[in-house]
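Let's take a friendly walk through a protein model, one part at a time. Keep the picture open as you read.

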Amino acid sequence: MAGIGPAAVASMGTDRPAHVAFDADAPAVLETRGLTLRFGGATIVDDVSFAVPEGLFVSVIGPNGAGKTSLFNLLSGLYRPTAGRVLLRGADLTPLSPSARARRGLGRSFQLTAIFPGLTTLENARLAAQAARPGNFAFWRGAGGDRRATERAAWALETVGLRGKDAVLAAALAHGDKRKLDLALLLCGEPEVLLLDEPTAGVSAEEVPVMLDVIRRIRRVEGKTVLMVEHKMEAVHDLSDRVAVLANGALVAYGAPDAVMADPFVRSAYLGVA
Ligand SMILES: Nc1ncnc2c1ncn2[C@@H]1O[C@H](COP(=O)(O)OP(=O)(O)OP(=O)(O)O)[C@@H](O)[C@H]1O
Ligand SMILES: [Mg+2]
């Protein structure tokens, strides 16, 4: 994605402003303006403005409690902002529910909550594909009825590497495979923008590279725009076109991975390196 956005970290130096707006000049798929969330007296997400250009893979990093999940909850519609807006291709999503946002193309992983343990992986995926297009339910008559949903489901399972486990009950899947199914369900919704919150969390050490390969494949196959929260810095470095740093709810740095990770401010404030 050469040529899009800043090549270096925004706002280096000691007079760093508290709020960094990123890629503000590129045509945005997903955009926030002054997004703010307060609970009681605490500011959880603090005036976050960004614009993610199409096809970019942006990782959001920051210390525990920085507000990363809260920011994703604002994007997906789980939380209502105290102030600010969320836009998808210029359309204001702020008043919309999570499901309405998903239908518009903003998909977030379900963190296993949408998996039906008593159904097979293929049945789970097919339901997710059908749910993405509610109008098609009228044409669905029993298993395999909606061919497009079935094809999408099979493709999603193939993409995440679960194709051989079509007939396995979700309850019987190992944890790593459940996380893959979670990603497959997300893909079944045919999102334009994927929000991945710590996709490797809880995945065993030997499964982490497998999950990262799956994410890489999703990226390569469909060229999706992705926003990912992740603590594993190697993964962030390998996968990302851009890295955004959130601290105390505010965006404090944004740029190419090498530049952000070499930034002395980021290294001392987040990476814990002097
Ligand atoms: N529903 C809520 N009610 C009150 N406070 C909340 C709520 N959700 C989050 N918070 C607070 O907001 C702050 C940011 O939490 P958040 O989960 O967004 O951080 P995070 O960056 O995702 O952290 P981690 O890296 O540990 O996942 C924390 O102080 C948390 O306690
Ligand atoms: Mg979190």
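## The chain as a whole

What share of the contacts in the chain with a separation of 6 or more comes from residues 24 or more positions apart? The share is 69%. Please keep in mind that this is a predicted model.

The chain has 274 residues, and buried ones make up 45% of them.

Now look for an open sheet of six strands, with mixed pairing, in the order S6-S7-S8-S3-S9-S10. Strand S6 (106–108) and strand S10 (250–255) stand at the edges, and each has a single partner strand, so one side of each is left without a neighbour in the sheet. From one strand to the next, the twist averages 20°.

Within this sheet, strand S3 (residues 57–61) pairs with strand S9 (residues 242–247) in the parallel sense, over four bridges.

## Around the ligand

Which helix gives the most to the shell around ligand 1? That is helix H1 (residues 68–76), with three residues.

The residues that surround ligand 1 include Phe 39, Ile 44, Asn 64, Lys 68, Thr 69 and Ser 70. Sorted by class, the shell has three nonpolar, six polar and one charged residues.

How values were computed
Residues numbered from 1 in each chain as written. Chains lettered and ligands numbered in written order. Predicted model: local features only at pLDDT ≥ 70, side-chain atom pairs only at ≥ 80, totals over all residues. Near = placed C-beta within 6 Å. Helix = DSSP H or I, 4+ residues; strand = E, 2+ residues; numbered from the N terminus. Nonpolar A, V, L, I, M, F, W, Y, C, P; charged D, E, K, R; others polar. Pairing = 2+ DSSP bridges. Axes fitted to C-alpha atoms, helices over the stretch in contact; angles between N-to-C directions. Buried ≥ 20, exposed ≤ 12 C-beta atoms within 10 Å, placed from the backbone. Contact = placed C-beta atoms within 7 Å.
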